[in-house]
Amino acid sequence: MGIRRDSPKNSPSKKTTLKHLFDLDPKPYVGSPLPSPRRGGGGTDCEHDGILSAISYCNSVFTFTDPQESPSQQDLKRLKLMDVVSLLKSPKKPLQEQHLSPLMSMVSVNLFRPLPPPSKTSIVSALPDDEELSTFTPLWPHLQLVYDILLRLVLNVDSKKLKDYIAHQFIRNLLYLFQSEDPRERESLKNVFHRIYSRFTSYRSFMRKAMNDVFLHYVFETEKHCGIGELLEIWGSIINGFGVPLKEEHKLFLMRVLLPLHKPKGLQVYHRQLAYCVSQFVQKEPALGGVVVRGILRYWPITNCHKEVLLIGELEELVENIDPDQYRTLALPLCSRITRCFNSCNSQVAERALYVWNNEQFVKMASEAMEEVFPVVVEGMEKNLKLHWSKSVKQLTENVKAMLEEMDPPLYDKCLREIHHRESEAHREQVKRQQKWDQIETAAAKHSHFLQPTKTICVSSH
């Protein structure tokens with residue numbers, strides 16, 4: 001069953017946020033007294049049959065790519081779905097319990113489908129400013145209403161009655177759909193999945209583990225998944241509700257799942273959500289700052305400049321929440337990495353690293369270990385001033401140099417003297433090495449006749 005990847009003409013301009021969903025006023029339908037299907041005579045029976053007929057018709061799935069499909073039937077299904085949504089919205093007509101099973105069956109038939117193979121632009125399409133490049137599913141006119149139906153069922157139906165239909169396999173199927181390349185579908189999935197997590201407390205441990213399996217499969221096996229950002233957004237809300245002190249399970253999640261997520265080359269797609277999750281942990285327990293910083297440094301990119309810029313910004317934000325008692329132990333590894341970054345040939349990386357020195361907390365951290373940090377930083381700045389090609393980088397280096405000279409002039413002068421001493425020592429060693437090579441070449445020239453090959457004449461016997 002082929003699925004065409006062309007963008008529909010009409011797409012929703014406004015996304016539903018998790019905050020908006022929490023502000024909805026859930027009024028239980030099944031939880032309230034239900035009217036009997038025979039109450040009110042034959043009219044109620046006809047209405048009941050009409051609802052079941054509409055739900056049954058919606059079980060037919062259209063691909064929107066088969067030329068034999070009738071557009072009128074597609075429109076009729078959309079109208080039937082809108083009728084079901086209107087039924088769920090109406091407080092005057094509570095949802096009858098016998099409608100729940102066919103409704104959930106219809107939802108499963110429409111949502112749980114094989115997804116098309118990922119396109120080559122699957123990573124680029126998830127960038128926030130490139131939504132026009134995203135791959136939109138042609139099924140969305142129907143899927144949008146089906147997701148709306150599922151969301152209202154999760155919000156308004158008693159969770160004890162829904163447990164018969166929303167089980168572990170149902171949750172796994174929802175997680176699979178996060179691989180959809182359509183950002184509208186992933187947004188709807190995020191809202192539904194988060195609501196299920198909120199209402200079905202007995203499923204929370206299973207849902208967290210299932211999401212972690214998706215992350216680990218992405219990091220260590222495929223590095224291909226479109227829904228990592230949405231899943232991290234759900235996790236951000238979950239972490240926000242963690243109590244202090246944090247459980248060991250949650251700390252292991254930070255170290256074994258969140259920190260390795262800095263490794264894949266597609267980091268820029270979900271970095272905003274990942275950085276928020278990590279910062280939540282450090283804000284709740286500042287002592288975790290050392291683990292987080294060392295973890296990020298461990299996965300530092302070598303050739304990806306864009307990732308370097310993102311990680312520099314994340315480290316700068318983390319420094320503001322780290323326990324000050326860890327400043328001295330973290331100052332040298334952090335400043336060494338920042339120094340290598342502002343020595344980078346990429347001007348964006350160099351400038352971003354130099355701007356870190358405008359952060360008061362970072363400067364305060366560096367000042368906790370001046371004796372260890374200054375020699376590394378001063379040497380890096382002197383190298384920039386002599387060798388860097390960018391004028392703007394040199395100017396920023398001059399500004400940072402002036403600031404550091406004011407912090408501790410004697411120490412700065414001492415570092416400069418040590419640098420000059422090392423350079424002079426290196427120069428002397430180079431001169432000695434060159435002299436030795438000259439002596440070897442001279443000796444070889446005097447005895448060159450011993451080194452020349454003997455000329456021989458080969459006489460053929462023929």
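This is a predicted model: local features need pLDDT of at least 70, side-chain atom pairs count only at pLDDT 80 or more; totals for chains, interfaces and linings use all residues.
**Close-ups of a helix crossing and an aromatic cluster**

View 1. Helices are DSSP runs (H or I, at least four residues), numbered from the N terminus.

**View 2. Here are the residues where α15 meets α17.** Tyr327, Leu330, Ala331, Leu334, Cys335 and Ile338 come from α15, while Gln361, Phe362, Lys364, Met365 and Ala366 come from α17 (contact: heavy atoms within 4.5 Å). Sorted by class, that makes nine nonpolar, one polar and one charged residues; Ala, Val, Leu, Ile, Met, Phe, Trp, Tyr, Cys and Pro count as nonpolar, Asp, Glu, Lys and Arg as charged, and the others, Gly among them, as polar.

**View 3. Ring pairs tie Trp235, Phe242, Phe253 and Phe281 into a cluster.** Rings of Phe, Tyr and Trp (its six-membered ring) pair if their centres lie within 6.5 Å. Phe253 and Phe281 have ring centres 6.3 Å apart and planes at 45 degrees, so they count as tilted (under 30 degrees is stacked, over 60 edge-to-face, the rest tilted). Phe253 belongs to helix α11 (residues 248-258) and Phe281 to helix α12 (residues 267-284), 28 residues apart. Both Phe253 and Phe281 are buried (under 20% relative accessible area, 1.4 Å probe, protein chains only).

**Notes.** Numbering starts from 1 along each chain as its sequence is written, and side-chain values use heavy atoms, leaving out hydrogens and water. Local features need pLDDT of at least 70 and side-chain atom pairs count only at pLDDT 80 or more, whereas totals for chains, interfaces and linings use all residues.

Conventions. Helices (H or I, at least four residues) and strands (E, at least two) are DSSP runs, numbered from the N terminus. Buried means under 20% relative accessible area, exposed over 50%, partly exposed in between (1.4 Å probe, protein chains only).
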